[in-house]
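Thanks for making time this morning.

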Amino acid sequence: MKTIPNTFVIVNSNKCIGCKACEVACFTVHNENNNVVATVGTVTTPIIPRLNVIKGENFVVPIQCRHCDDAPCANVCPVRAIKQENNTIVINEKDCIGCKTCLIACPIGAIDLLPQYDNGEQVIQLNLKQEGENGLEEKAKSIAYKCDLCKESGKPACVNACPQKALTLVNVSTEKKSRNKAAALSLLQTSKSYR
Amino acid sequence: MSINIINIDKELCTGCRRCTEVCPVNAIEGEEGKPQTINSDRCVICGQCVQICSVYASNFQDDITPIDVKKDERGMLESVKEPIFAAYNIGHTKLVKEALANPNLYKLVQCAPAVRVALAEEFGLPLGSLTPGKMAAALRCLKFDRVYDTNFAADLTIMEEGSELIKRVTEGGTLPMFTSCCPAWVKFAEQEYPELLNHLSSCKSPQQMGGAMIKTYGAKIDDIDPAKIFSVSIMPCTCKKFECDRPEMTDSGYKDVDVVLTTRELAQLIKGMGIDFKNLPDEKFDLALGNYTGAGTIFGVTGGVMEAALRTGYELITKEPIPNIDLEFIRGNEGVRTAVVKIGNLELKVAMVSGLKNVVPLLEDVKKGKCDFHFIEVMTCPEGCVSGGGQPKLLLEECRPIAYKARKAATYDHDSKLELRKSHENPDIIKLYDEFLGEPLGHQSHHLLHTKYVSRKK
């Protein structure tokens with residue numbers, strides 16, 4: 001029984017300039033249902049990306065889901081909303097109840113809990129309300145967001161959008177094979193000089 | 001007092017410096033990874049930085065000034081829902097909204113050629129959708145009293161500039177002559193090459209010619225006190241906001257163009273007033289200052305001003321119509337394109353520059369006396385005004401070439417389908433000269449439609 005490890009997108013930290021084009025692209029391709037087309041003027045909801053550019057004193061990199069093969073998020077979800085589809089770990093947004101267990105389970109913080117939007121508006125909860133300044137007001141449904149490797153199109157938008165080509169989609173077995181080969185060739189060279 | 005039109009929000013800027021790659025004048029300063037600043041002495045307000053900046057303000061970040069406060073500081077309407085980015089231009093929608101509600105003002109508007117091939121993008125329609133009819137309808141819904149068109153003023157510019165070029169060529173005037181409709185190019189020339197300002201055409205830009213006409217001729221035909229006219233222009237360009245504020249642009253006796261809104265701002269205003277743009281029926285522009293030819297509409301793309309000028313110039317010189325009206329060899333993309341056009345006995349050497357950086361070698365040649373072109377069109381933005389700093393901002397960089405190509409194609413398509421395609425054949429232009437201006441380069445024209453430039457060299 002052969003298992004292919006899940007693919008994921010990783011950044012080359014030497015190349016990232018912190019421009020957030022990846023975040024904008026991620027949001028754009030995931031929001032057709034919110035009437036987002038080609039221009040900024042068509043956006044009516046907050047930008048919610050599924051990867052986050054983290055900036056510190058001496059570094060800036062985007063952090064996103066690693067599509068762990070033993071995904072802690074999938075293993076702890078009480079309503080089984082997180083599953084493996086093809087080589088991707090995917091959250092079913094309809095089933096998500098916003099319990100935040102996956103959020104705490106993820107060691108790299110790839111999951112965020114934020115309001116759900118449809119057709120340009122917040123999706124409102126049926127009964128649950130919250131206290132506001134003027135009494136009880138509507139509460140938006142919140143869901144867990146994370147990278148889904150752009151499963152709709154199959155081509156990660158962030159990789160395409162990066163002006164520095166800092167992001168790559170990693171195919172683990174191809175990567176391993178090419179490194180093994182490079183190491184073998186290097187060994188061959190070294191062995192030659194020992195004659 | 002001057003408020004900078006283009007700014008970088010220090011709270012948002014991550015110092016990625018993508019803006020510096022598109023700035024044609026190296027006006028953006030700062031270390032990598034730290035917030036950048038714009039040197040306003042160098043900045044030509046082209047807005048290319050605004051177009052490329054991808055650092056947005058997140059609604060979920062609580063360590064920065066709240067977004068609605070930022071929107072207010074930037075002059076945006078409260079109703080605007082779109083995200084804001086680090087590099088931005090200040091807005092004037094609130095000013096226009098107030099004016100539209102003021103019954104004591106007579107509100108007139110003119111729209112640039114490049115707006116009608118991009119405005120619809122902000123409402124979800126495909127890139128490069130041609131919607132002049134919906135644009136005119138929307139402006140009427142906004143309660144403008146007259147919906148005029150910069151394309152008409154572009155036809156007017158050709159009459160004046162064509163005549164000026166012929167005069168310089170035949171009477172040994174200063175050559176090469178450069179176009180002067182791009183305000184960022186004009187500012188650049190004033191800053192860096194003031195000694196060559198006499199090469200610029202003395203013609204105002206279509207926006208400013210339109211403004212001067214609106215408050216003189218426009219006031220006359222509607223029997224309105226020009227002091228009550230509020231003249232707005234809708235532009236694909238952020239630098240036009242600078243141009244309308246130039247102190248000398250008051251030849252009508254009043255500020256010729258009161259306020260400039262970008263294409264994006266117009267879309268925001270339309271949405272803010274609850275107008276359903278997508279379902280508006282097509283309407284026409286108001287006559288007198290709203291009827292245009294194809295030559296006027298191609299001003300929005302690189303090579304368009306040149307092609308329009310040649311369509312008229314050819315006939316002015318040879319008294320014969322130009323054999324082929326579509327001058328494909330003039331059209332093209334960013335860079336410097338050159339051509340030799342045979343007009344009767346004259347071999348006119350012309351050049352089209354788009355992308356401001358590309359004009360520098362030509363200017364250096366002019367300084368050395370080595371430039372033998374007669375007429376040079378200069379546009380700061382890469383593909384001309386369709387790629388202007390005030391146009392709808394693209395979310396994905398990969399869409400940029402697609403958008404520019406579509407907007408250009410729509411512009412030439414619009415031109416090809418119009419009945420009249422040469423500026424001098426516009427009956428309202430002929431009428432304007434008959435009734436009001438006299439003749440190109442005449443006394444009235446000189447007073448209202450021509451201007452002087454100022455050295456800004458430090």
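Predicted model: local features only at pLDDT ≥ 70, side-chain atom pairs only at ≥ 80, totals over all residues.

Helix α12 of chain B covers residues 304–318, which is 15 residues, and from its first C-alpha to its last it reaches 21 Å, close to the 21 Å expected at 1.5 Å a residue. Eleven of those 15 residues are buried, so α12(B) is largely enclosed by the rest of the structure. If you want to find the buried residues on the screen, they include B:Gly304, B:Val305 and B:Met306, and also B:Glu307 and B:Arg311, with B:Tyr314 among them as well.

Now to the chain as a whole. Chain B contains 16 helices and twelve strands, and its C-alpha atoms fill a box of roughly 70 × 50 × 40 Å along the principal axes. A compact globule of 458 residues would have a radius of gyration near 23 Å, and the 21 Å of chain B agrees with that. Buried residues account for 55% of the 458 residues, and of the contacts in chain B between residues at least 6 apart in sequence, 75% join residues at least 24 apart.

The domain assignment divides chain B into domain 1, residues 1–90, and domain 2, residues 146–449, and the C-alpha centres of these two domains of chain B lie 28 Å apart. Where they touch, 16 residues of domain 1 of chain B are in contact with 20 residues of domain 2 of chain B. On the domain 1 side, helix α2 of chain B (residues 48–52) gives the most, with three residues, and that side as a whole divides into eleven nonpolar, five polar and no charged residues.

Finally, the contact between the chains takes 29 residues from chain B and 25 residues from chain A. On the chain B side, these residues divide into 13 nonpolar, six polar and ten charged. I am happy to go back to any of these views.

Conventions
Residues numbered from 1 in each chain as written. Chains lettered and ligands numbered in written order. Helix = DSSP H or I, 4+ residues; strand = E, 2+ residues; numbered from the N terminus. Rg over C-alpha atoms; globule rule 2.2 N^0.38 Å. Buried ≥ 20, exposed ≤ 12 C-beta atoms within 10 Å, placed from the backbone. Contact = placed C-beta atoms within 7 Å. Nonpolar A, V, L, I, M, F, W, Y, C, P; charged D, E, K, R; others polar. Domains from an automatic or database assignment. Expected span 1.5 Å × (residues − 1).
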